[in-house]
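Notebook open, structure on screen.

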Amino acid sequence: MFVLRGLNHITIAVSNLEHSLLFYSGLLGMKAHVRWGKGAYLSLGDLWFCLSCDEVSSAKDYSHIAFDIAEEDFSAFAAKL
């Protein structure tokens, strides 16, 4: 029997790599590690996050990414966004 230890990485499709990098690294503060023609790897804590240029579909499901932030930091961060 095996037990999963956690998430290795998350990959999301983006339509514009430059804008996505500015958002995730510049605005959200993820650390950028490597970039190639159609993608980039970033990290947030121990989690690897991959941006991959692809056709983005307007899904109408409950897909989302939930971030964790200290309550006392929320207002300032929301204002920054």
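I call a residue buried under 20% relative accessible area, exposed over 50% and partly exposed in between, with a 1.4 Å probe and protein chains only. By that rule Cys50 counts as buried, because its relative accessibility is 5%. Cys53 has 26%, so I note Cys53 as partly exposed.

Before going on, a note on the source: this is a predicted model, so local features need pLDDT of at least 70 and side-chain atom pairs count only at pLDDT 80 or more, while totals for chains, interfaces and linings use all residues. Residues are numbered from 1 along each chain as its sequence is written, and side-chain values use heavy atoms, with hydrogens and water left out.

**Layout.** I find 2 helices and 4 strands, taken as DSSP runs numbered from the N terminus (helices H or I, at least four residues; strands E, at least two). From the N terminus the order reads β-α-β-β-β-α. Of the 81 residues in the chain, 19% are buried. Taking contact as heavy atoms within 4.5 Å, I get 47% of the contacts with a separation of 6 or more from residues 24 or more positions apart.

**Core.** Here I look for buried Ala, Val, Leu, Ile, Met, Phe, Trp, Tyr and Cys residues joined through side-chain atoms within 4.5 Å. The largest nonpolar core has 11 residues, among them Ile12, Leu21, Tyr24, Met30 and Phe49. Two or more residues come from each of β1 (9-14), α1 (17-27), β3 (39-44) and β4 (47-53), and α1 gives the most, with 3. I also followed Ile12: leaving out residues up to four places away in sequence, Ile12 touches Tyr24, Phe49, Cys50, Leu51, Ser52 and Ile65.

**Cysteines.** How many disulfides does the structure hold? I count 0, with a disulfide being a pair of cysteine sulfur atoms within 2.5 Å. The sulfur of Cys53 has its closest cysteine sulfur in Cys50, 9.7 Å away, so the two are too far apart for a bond.
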